[in-house]
Amino acid sequence: MPKVFCKKYKQNLDGMVFPPMPGQLGKVLMENYSQKAWEDWLNMQTMLINENRLDLSNKESRRWLNQQMQLFFENKAYQKPKGFVPE
């Protein structure tokens, strides 16, 4: 597995084998973030969708979730599920 300097965790970690989504955003994520960061986001995303009862067919819900993803990867304040305690 290729190594990448993960901007989320500020260390060299295993990179992604393929872009996690199509387009430029997928390429940027693959080049700048680790597989671990992506998996951690997927877990957080699932919690946010469930807790906020997001309807992903709604454009505003998808926009909000994408904003949270950007904040998550940039280590900025994103909405966390109630009672969330990081490992």
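Modeller: The conversation below covers the core, the ring pairs, a pocket and some loop residues. Please keep in mind that this is a predicted model.

Colleague: Which residues of the largest nonpolar core touch the most other members?

Modeller: They are Leu29, Tyr33, Trp38, Trp41, Leu65 and Phe73, in a core of 17 residues. Helix H2 (35-51) and helix H3 (59-73) each supply at least two residues of this core. The largest share comes from H2, with 6 residues.

Colleague: And what does Leu29 touch, leaving aside residues up to four places away in sequence?

Modeller: Leu29 is in contact with Met16, Pro20, Met21, Trp38 and Phe73.

Colleague: Two of those are aromatic. How many aromatic pairs does the structure hold?

Modeller: There are 6 aromatic pairs. In one of them, the ring centres of Trp38 and Phe73 are 6.3 Å apart and the planes meet at 5°, so this pair is stacked. It links distant parts of the chain, with Trp38 in helix H2 and Phe73 in helix H3, 35 residues apart.

Colleague: Are Trp38 and Phe73 buried or exposed?

Modeller: Both Trp38 and Phe73 are buried. There is also a pair between Trp41 and Phe72, which is tilted, with 5.3 Å from centre to centre and 50° between the planes. Trp41 lies in helix H2 and Phe72 in helix H3, so this pair ties together parts 31 residues apart in sequence.

Colleague: What are the relative accessibilities of Trp41 and Phe72?

Modeller: Trp41 has a relative accessible area of 0% and is buried. Phe72 is at 4%, so Phe72 counts as buried too, the limit being under 20%.

Colleague: Which residues do ring pairs link into a cluster?

Modeller: The cluster consists of Tyr33, Trp38, Trp41, Phe72, Phe73 and Tyr78.

Colleague: Now charges. What sits over the ring of Phe72?

Modeller: The charged end of Lys8 does, at 4.0 Å from the ring centre. Elsewhere, Lys36 lies over the face of Tyr9, 4.8 Å from the centre of that ring.

Colleague: Let us turn to pockets. What lines the second largest pocket?

Modeller: Its lining is made up of Leu25, Val28, Leu29, Tyr33, Asn66, Met69, Gln70, Phe73 and Glu74. H1 and H3 are the elements that give two or more residues to this lining. H3 gives the most, with 4 residues. The volume of the second largest pocket is about 170 Å³.

Colleague: On to the loops. Where is Val17 found?

Modeller: Val17 is in the loop between strand S2 (11-14) and helix H1 (23-32). Val17 has a relative accessible area of 57% and is therefore exposed, the cut-off being over 50%. Not counting residues up to four places away in sequence, Val17 touches Met1, Met30 and Gln35.

Colleague: How far is Val17 from Asn50 in space?

Modeller: Their C-alpha atoms are 28 Å apart, and 33 residues separate the two in sequence.

Colleague: Last topic, backbone angles. What is the phi of Lys10?

Modeller: Lys10 has a positive phi of about 55°, although Lys10 is not a glycine. Lys10 lies in the loop between strand S1 (3-6) and S2, and at 56% relative accessibility Lys10 counts as exposed.

Colleague: And what about the phi of Arg53?

Modeller: The phi of Arg53 is also positive, near 50°, in a residue other than glycine. Arg53 lies in the loop between H2 and H3. With a relative accessible area of 75%, Arg53 is exposed.

Notes
Residues are numbered from 1 along each chain as its sequence is written. This is a predicted model: local features need pLDDT of at least 70, side-chain atom pairs count only at pLDDT 80 or more; totals for chains, interfaces and linings use all residues. Side-chain values use heavy atoms; hydrogens and water are left out. A nonpolar core is a set of buried Ala, Val, Leu, Ile, Met, Phe, Trp, Tyr and Cys residues joined through side-chain atoms within 4.5 Å. Buried means under 20% relative accessible area, exposed over 50%, partly exposed in between (1.4 Å probe, protein chains only). Contact means heavy atoms within 4.5 Å. Rings of Phe, Tyr and Trp (its six-membered ring) pair if their centres lie within 6.5 Å; planes under 30 degrees apart count as stacked, over 60 as edge-to-face and the rest as tilted. A charge sits over a ring if NZ of Lys or CZ of Arg is within 6 Å of the ring centre and within 35 degrees of the ring normal. On a 1 Å grid over the protein atoms alone, a cavity is a set of points where a 1.4 Å probe fits but cannot get out, and a pocket is an open set with protein on both sides within 12 Å along at least five of seven lines; lining residues have an atom within 4 Å of a point. Grid points are joined across faces, edges and corners, and a volume is the space filled by probe spheres set on the points.
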